Amino acid sequence: MIKYLAIARITFANLLQYRWDFLISQSRIILLLITLYFLWTQVFKAKATLFNFSQAQIITYVFLASIVRQFVLISATDQIAQELQSGGKFFSYLLRPVGYFRFWFTVDLVYKITSLIFIILITSVMLNILNITLTWPTEVFSTLLFLVSIFIASLIYFYIGILVSTTGFWTSQVWGLQFLVVLILEFCAGSYFPIDVLPANLQSIIKLTPFPYLLYYPISIFLGKLSLVESIKVITIAVLWLAAIFIITKFIWNKGLKVYEAWGG
Amino acid sequence: MRFREYYIESRLHSTFLISGKLVRFSFFLIFIIALLTKTENLAGFGLYQTILFFMTFNLIDITSQFLFRGAYSIQWNINKGQFDLSLTQPINVLFRMAFDIIDLLDLATLLPVLAVLGFVIARLSSQVTFSGFLLYLLLCLNALLIAMAIHIFIISFSILTQEISSEIWIYRDLMNMGRFPIDIYSKSVQMVLTFLLPIAVMVTFPTKVLLGVLSWQWIMLSFFIGAIFIFLSLKFWKFALKNYSSVSS
């Protein structure tokens, strides 16, 4: 445990090494929030409800999606692919007294918690400036199940990140795949808008993937759009997705280890 | 000018990158169509008009990325001494740094944008005049000039600070605000996006002139803002060069 705390401490120090860059990277979400806030405000000038959302619900969705996104969709696992390709760096981990996945989970957790703190600060300031009141859950179970779903979503994203990075065992051209996966994932997870906005057939396809379980369903639970039974059903499916992705990741990782060649120093 | 050799050699990588850009483009297009199908108008603009704003945004954004990708590697050029080497060579250093890399992948993503743009303009043909189309092209060129000025500011700032990543991404995020007509924003945000960070001049104004809803005063002001930005960026470039001290080994 102590060694993972040390990893967390070093990761945090590294994160703050270039403070200006870090601050800017955390603040980039502001412009997206401004765009989405004014866009939806404009849209709701003519309509009271749209896509089964009220204005207050959609604004809450936009802000909450930004907060949850900075926790769930923040990961350092993309660096694994680089390490697999950079002469012998990955090999050095095999000699250290730490679990490789546990090491990256610790790094991920530091990234997530740091980003979460910043995004909460940023959104709080924005909510005050724009004089926005968010819609809060009326039922206690909504808050609890929301937190549970966020935790599972983080684990799903962690293993998806590793799964994509495992391609680094076979090819150096990983960055393009990571770029594509992140873009598909962000839209299908509902980062920019709830997937209810999309055409029904596209929604049906997206709901067959694990992506809506990362943001869309957790926020739907928070907004009270799902009943207790529906929320539990969603969380159960999310756990099944987590198990499936974990098994696939482990299987491909083990296959990759067999072909890994440590070249370089 | 160098092409991005790496991307051309790595076909799988290039395919994924182009696919990613097309996915982003498609999702936003579907979003706008779905939204406007329900609401019928956005800040007074109909479906095809709103798509026209989005397509003009893509046209300017992708073309400027295609042309000025060199600005993204300025930090690397400075740190590795490439910038110092360029200073000693008989070529305009600013030209070398700004246009050093041409990103062909952006050109590939420009093709579907041009196709949809042509389709939308054809659908809006009753509102589009020949003079309006000519002014649209001129204002798009003006937008590229402003984009070049902003990239010169960023390159110059990097020369002074030896950093790049933050500034270029702020510009990209600001540019993304132009996906929709600036009429959706509050008056104060509109003012900032017109005079201080002229995203509106770059994206919204060309579209409005094509739709015939931009007055000649705003058209003249757009060219004036473009000229001012180029002038100031070149001044800042010279200032940065004078204060540059090599950091590479």
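UniProt positions are given here in the numbering used for this structure, with feature names shortened, and such annotations may be inferred rather than shown by experiment. The structure is a predicted model, in which local features need pLDDT of at least 70 and side-chain atom pairs count only at pLDDT 80 or more, while totals for chains, interfaces and linings use all residues. Residues are numbered from 1 along each chain as its sequence is written, and chains are lettered from A and ligands numbered from 1 in the order in which they are written.

**Exercise 1. Annotated stretches of chain A**

Task: find which residues of chain A the UniProt annotation "transmembrane region" covers, and describe the chain over residues 20–38 and over residues 174–195.

Solution. Begin with the record: the unreviewed UniProt entry places the annotation "transmembrane region" on residues 20–38, 109–134, 140–162, 174–195 and 215–248 of chain A. Next, take residues 20–38 of chain A, where the chain is 95% helix and 0% strand and the end C-alpha atoms lie 28 Å apart; helices are DSSP runs of H or I with at least four residues, strands are runs of E with at least two, and both are numbered from the N terminus. Then turn to residues 174–195 of chain A, which are 68% helix and 0% strand, with end C-alpha atoms 28 Å apart.

**Exercise 2. The overall form of each chain**

Task: list the secondary structure of chain A and chain B, and compare the radius of gyration of each chain with the globule rule.

Solution. Start with chain A, which has 12 helices and two strands, in the order α-α-α-β-β-α-α-α-α-α-α-α-α-α along the sequence. The radius of gyration is taken over C-alpha atoms, and the globule rule is 2.2 Å times the number of residues to the power 0.38. For the 265 residues of chain A a compact globule would have a value near 18 Å, and the 20 Å of chain A agrees with this. Along its principal axes, the C-alpha trace of chain A spans about 65 × 40 × 35 Å.

Chain B comes to 12 helices and two strands, and from the N terminus on its elements run β-α-α-α-α-α-α-β-α-α-α-α-α-α. Its radius of gyration is 19 Å, close to the 18 Å that the rule gives for 249 residues, so chain B is as compact as a globular protein of that length. The C-alpha atoms of chain B fill a box of roughly 60 × 45 × 30 Å along the principal axes.

**Exercise 3. Where the chains meet**

Task: determine how many residues of chain A are in contact with chain B, and which elements of chain A give two or more residues to that side.

Solution. Two residues are in contact if their C-beta atoms, placed from the backbone, lie within 7 Å. By this test, 29 residues of chain A touch 33 residues of chain B. The elements of chain A that give two or more residues to this side are α2 (19–27), α3 (29–43) and α9 (175–189). Sorted by class, the side of chain A that touches chain B has 21 nonpolar, five polar and three charged residues, where Ala, Val, Leu, Ile, Met, Phe, Trp, Tyr, Cys and Pro count as nonpolar, Asp, Glu, Lys and Arg as charged, and the others, Gly among them, as polar.

**Exercise 4. Helix α9 of chain A**

Task: check the span of α9(A), and find what its buried residues pack against.

Solution. The expected span of a helix is 1.5 Å times one less than its number of residues. With 15 residues, α9(A) reaches 20 Å from its first C-alpha to its last, close to the expected 21 Å. A residue is buried if 20 or more other C-beta atoms lie within 10 Å of its own, exposed if 12 or fewer, and partly exposed in between. The buried residues of α9(A) include Leu177(A), Leu180(A) and Phe187(A). The buried residues of this helix pack against α8 (140–165), α10 (200–206) and α11 (216–222) of chain A, together with α2 (11–39) of chain B. Just after α9(A), Gly190(A) takes a positive phi of about 90°.

**Exercise 5. Confidence**

Task: state which elements of chain B have the lowest and the highest mean pLDDT.

Solution. pLDDT is the predictor's confidence in each residue, from 0 to 100. The mean for chain B is 87, and 94% of its residues reach 70 or more. Where pLDDT is low, the predicted coordinates should not be read in detail. The model scores ipTM 0.87 and pTM 0.89.
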